[in-house]
Amino acid sequence: MLVIQPARKRRRASPGRIGLAVAGGGPIGGMYELGALRALDVAMDGLDLTRLDVYVGVSSGAFLAAGLANRLDTADMCRIFITGDSPDVKFRPEMFLRPAFGEYLRRAIALPRLAVEWWQGVLTDPTGSHLADLVGRIGGAIPTGLFDNSGIERFLSQVFTLHGRSNDFRELAARLYVVAVDLDSGEAVRFGAPGWDDVPISKAVQASSALPGLYPPVDIRGHHFVDGALRRTMHASVVLDHGIDLMIGINPFVPYNAKRATEKPRQGRDKLAEGGLPMVLSQTVRTMLQSRMRVGLEKYAERYPQVDQLVFEPNEDDGEMFYTNVFGYSARQRVCEHAFRCTLNDLRRRRAEIGPLLARHGLHLRAEVLDDPAPSLLAGLAPARRRTVTEAKLERALDDVDALLRGSGRANPRRG
């Protein structure tokens with residue numbers, strides 16, 4: 001589903017400054033976003049997702065935003081996460097699901113002390129009036145996360161230091177912000193902003209994707225950070241504050257409308273409640289996330305009346321996204337392909353409405369892509385080619401020169 005929010009006040013001429021906001025959604029949500037971004041990449045003439053003015057990413061969306069800002073295009077990311085034929089990076093899903101043995105051990109050390117306190121309470125207070133307090137303290141022995149997310153940071157550090165890329169916010173040509181929440185204050189922190197731009201990008205993404213209960217909080221400078229979606233769904237205001245003309249947003253989670261679904265649910269259930277607690281919680285979280293985002297978009301229309309806003313998300317009757325396990329890595333290609341086709345379909349159905357809006361920013365829809373009766377995510381991927389570090393850096397330099405000659409490039413003021 002494509003949400004179009006045209007600017008209420010138009011500038012006489014649009015400089016074509018574009019920002020991208022990518023929400024969270026777990027591994028499968030990230031794969032949906034990758035498919036949607038790939039569709040925009042191939043369907044819009046004049047759009048280079050690796051050369052936008054500003055990016056913000058939250059949770060799984062931070063992976064994608066950081067990659068694009070680091071000149072890792074959608075084709076490269078499809079080779080890494082979908083086809084697995086990237087000559088430089090090998091993605092292994094198990095890195096996201098390694099048990100947090102260190103966290104388990106650290107919490108287990110507290111158990112003997114708690115057991116002693118429990119027996120002392122029983123002996124000194126047989127009525128048990130103080131046992132409730134002790135039960136609360138036992139919570140301190142429960143691990144804060146099931147899985148270890150340090151492997152994620154190491155993987156991203158490798159990706160962001162290959163072929164002239166950088167793991168330093170300050171070295172990027174565009175502004176990149178990765179949002180996480182400080183657990184002790186409940187405040188959102190923008191990594192990449194002054195005061196937090198010296199934190200490695202890989203560490204910031206690890207913090208932003210530390211979903212409570214699944215991964216332990218990430219310690220940075222004595223602060224403990226968790227998933228950035230706890231505060232806002234997409235944090236689009238971060239991009240809008242940069243004076244852009246067009247904001248593109250991707251949100252993979254919407255509530256499922258079973259009453260409008262044309263296909264019967266996979267489990268054969270007519271009511272979501274019949275699926276038990278997992279389905280009830282999934283629908284609840286999706287409803288909260290989308291509702292919060294829609295309220296934000298309405299406010300942004302008032303605060304930023306000169307900005308056109310496009311937000312891509314699944315349709316409300318999309319059972320493929322609702323019934324797929326959020327952490328089912330084996331479904332990543334199917335979901336990515338699904339998002340690719342759905343996004344192209346949204347553009348096709350609403351081309352008469354979106355075409356003039358895009359034209360104001362120097363973008364145009366490719367008719368040959370939208371009219372393809374059988375679009376494929378993988379069909380447009382060129383064969384992977386191994387490059388030396390020197391070749392990769394030379395290719396980036398030539399791309400920069402070409403972009404500057406065409407008037408669409410941006411030099412990094414920090415690099416000159």
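Let's start with valine 181, which sits in strand E5, residues 175-182. This is a predicted model, so keep that in mind throughout. Buried or exposed, this valine 181? Valine 181 has a relative accessible area of 4%, so it is buried. Now look across to glycine 228. Along the chain, valine 181 and glycine 228 are 47 residues apart. Their C-alpha atoms are separated by 5.1 Å.

Next, helix H1. H1 covers residues 26-43, which makes 18 residues.

On to charges. Side chains of opposite charge can pair when their charged atoms come close. How many salt bridges are there? The count comes to 17. I'll walk through a few.

Take aspartate 45 and arginine 366. Their side chains meet in a salt bridge, at 3.3 Å from N to O. This pair links distant parts of the chain, 321 residues apart. Aspartate 45 is in strand E3, residues 44-45. Arginine 366 is in the loop between strand E11 (364-365) and helix H14 (367-370). Aspartate 45 has 38% relative accessibility, so it counts as partly exposed. Arginine 366 is partly exposed too, with a relative accessible area of 24%.

Arginine 170 has a relative accessible area of 32%, so it is partly exposed. Aspartate 168, at 21% relative accessibility, also counts as partly exposed. The cut-off for buried is under 20%, so aspartate 168 falls on the partly exposed side.

Arginine 341 is partly exposed, with a relative accessible area of 39%. Glutamate 337 is buried, with a relative accessible area of 13%.

Some bridges also share partners. Which residues do they join? Arg190, Asp241 and Arg303 are joined into one network by such salt bridges.

Now the surface patches. Which residues gather in a patch of positive charge on the surface? Lys90, Arg92, Arg98 and Arg154 do. Lysine 90 lies in the loop between helix H3 (74-83) and helix H4 (101-108). Lysine 90 has 41% relative accessibility, so it counts as partly exposed.

There is a nonpolar patch as well. Leu277, Val280 and Leu281 form it on the surface. Together they have about 270 Å² of accessible area. Leucine 281 is in helix H10, residues 277-303. At 46% relative accessibility, leucine 281 counts as partly exposed. Exposed would need over 50%, so leucine 281 stays in the middle class.

Key
Residues numbered from 1 in each chain as written. Predicted model: local features only at pLDDT ≥ 70, side-chain atom pairs only at ≥ 80, totals over all residues. Heavy atoms only, no water. Patch = residues over 30% accessible without salt bridge, like charges linked within 9 Å, V, L, I, M, F, W, Y side chains within 5 Å. Areas by Shrake-Rupley, 256 points an atom, 1.4 Å probe, with all protein chains shown as cover. Salt bridge = Lys/Arg side-chain N within 4 Å of Asp/Glu carboxyl O. Lys, Arg positive; Asp, Glu negative; His and termini not counted. Charge placed at Lys NZ, Arg CZ, Asp CG, Glu CD. Helix = DSSP H or I, 4+ residues; strand = E, 2+ residues; numbered from the N terminus. Buried < 20%, exposed > 50% of the residue type's maximum accessible area, 1.4 Å probe, protein only. Expected span 1.5 Å × (residues − 1).
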